[in-house]
Amino acid sequence: MEQDELVSHLRRLLAKIRADDSIYGTHSEVCEFLRIHTNPKNAFLQAISKFDPHKINVEYAAKSISQNLIALVDSIEAGVHEGLSPQRQAELDVVSDFLGMANLLLETPGVHPAAPAVLIGATLEEFLRTWVEAENIPLGNKKQGLETYSQLLRDAELITKQDGKDITAWAGVRNHAAHGEWNEVSDDNGVSLMLEGVNLFIRKYTAR
């Protein structure tokens, strides 16, 4: 999500709180929005999560959530909130380019869907590998690969359980293609769905 769009959504949530809408539902909406569109370990989300209106005074909760949202908006607009490093941005640009190439392969008549499937899987693996490195998560003695990177990110609570299941499914398609098991990866629509899913996954976490 682009910075302007992120700020716009945060201001909308802030307006809902100030309009005295149901703070109970708004609190949940704010937490879910920040979990999806920012790093789930960021300080603002952790603080807002504690101001549960079911557990503390409603007026105090609303005021505290508002103050944290205002501070978050200010930090984003000041350009100091979790910006991507030039290296990380370059890595993500490469990932985007490779997924674009996979899409071109899918649209090229006569190209077996195994070819884009291998490229999509390799691109996803590179995205996860560089993410693990950016978070300074030690690999230890684990073998490099999609499943390993997925588990490391899951253990660090950076991706969800469903994300892990999706990655396992995509890894299966990539492995069939890489090992020449053509009958298992002969459906253009299936690989197209894989590309769409990986694209959505990467976009979901790129803004973090």
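The structure is a predicted model, in which local features need pLDDT of at least 70 and side-chain atom pairs count only at pLDDT 80 or more, while totals for chains, interfaces and linings use all residues. Residues are numbered from 1 along each chain as its sequence is written, and side-chain values use heavy atoms, with hydrogens and water left out. The protein chain has nine helices and zero strands. Helices (H or I, at least four residues) and strands (E, at least two) are DSSP runs, numbered from the N terminus.

**The chain as a whole**

- Read from the N terminus, the elements run α-α-α-α-α-α-α-α-α.
- The chain has 208 residues, and 40% of them count as buried. Buried means under 20% relative accessible area, exposed means over 50%, and partly exposed lies in between (1.4 Å probe, protein chains only).
- The accessible surface of the chain is about 11600 Å², and carbon and sulfur atoms hold 51% of that surface. Accessible areas come from the Shrake-Rupley method with a 1.4 Å probe; for residues, only the protein chains shown count as cover.
- Among contacts with a separation of 6 or more, 64% are between residues 24 or more positions apart. A contact means heavy atoms within 4.5 Å.

- Helix α2 covers residues 23–37, which makes 15 residues. From its first C-alpha to its last, α2 reaches 21 Å, close to the 21 Å expected at 1.5 Å a residue. The expected span is 1.5 Å times one less than the number of residues in the helix.
- The buried residues of α2 are Ile-23, Thr-26, His-27, Val-30, Cys-31, Phe-33 and Leu-34. Seen down the axis of α2, these buried residues fall within an arc of 165°, so they line one face of the helix. The arc is taken from the directions from the helix axis to the C-beta atoms.
- An α-helix has 3.6 residues a turn, so residues three or four places apart point the same way.
- The cover over the buried residues of α2 includes α1 (3–18), α3 (43–50) and α4 (58–77).

- Thr-38 sits in the loop between α2 and α3. Thr-38 is buried, at a relative accessible area of 3%.
- Thr-38 and Thr-206 are 168 residues apart along the chain, and their C-alpha atoms are separated by 9.1 Å.

**Salt bridges**

- Side chains of opposite charge can pair when their charged atoms come close. Here a salt bridge is a side-chain nitrogen of Lys or Arg within 4 Å of a carboxyl oxygen of Asp or Glu. The count by this rule is six salt bridges.
- Glu-29 and Arg-12 form a salt bridge with an N to O distance of 3.1 Å. Glu-29 lies in helix α2 and Arg-12 in helix α1, so the pair ties together parts that are 17 residues apart in sequence. Glu-29 is partly exposed at 27% relative accessible area, and Arg-12 is partly exposed at 36%.
- Arg-12, Lys-16 and Glu-29 are linked in a network of salt bridges.
- Glu-125 and Arg-174 form a salt bridge in which the closest N and O atoms are 3.0 Å apart. Glu-125 lies in helix α6 (residues 114–134) and Arg-174 in helix α8 (residues 161–178), so this pair ties together parts that are 49 residues apart in sequence. Glu-125 counts as partly exposed at 21% relative accessibility, whereas Arg-174 counts as buried at 15%.
- Glu-126 and Arg-129 meet in a salt bridge of 2.6 Å, N to O. Both residues lie in helix α6, three residues apart, about one turn of the helix. Glu-126 is partly exposed at 32%, and Arg-129 is partly exposed at 23%.

**Two loop residues with positive phi**

- Asn-136 has a positive phi of about 55° although it is not a glycine. Asn-136 is found in the loop between α6 and α7 (146–155), and is exposed with a relative accessible area of 67%.
- Glu-157 has a positive phi of about 60°, and it is not a glycine either. Glu-157 is in the loop between α7 and α8, and is exposed with a relative accessible area of 58%.
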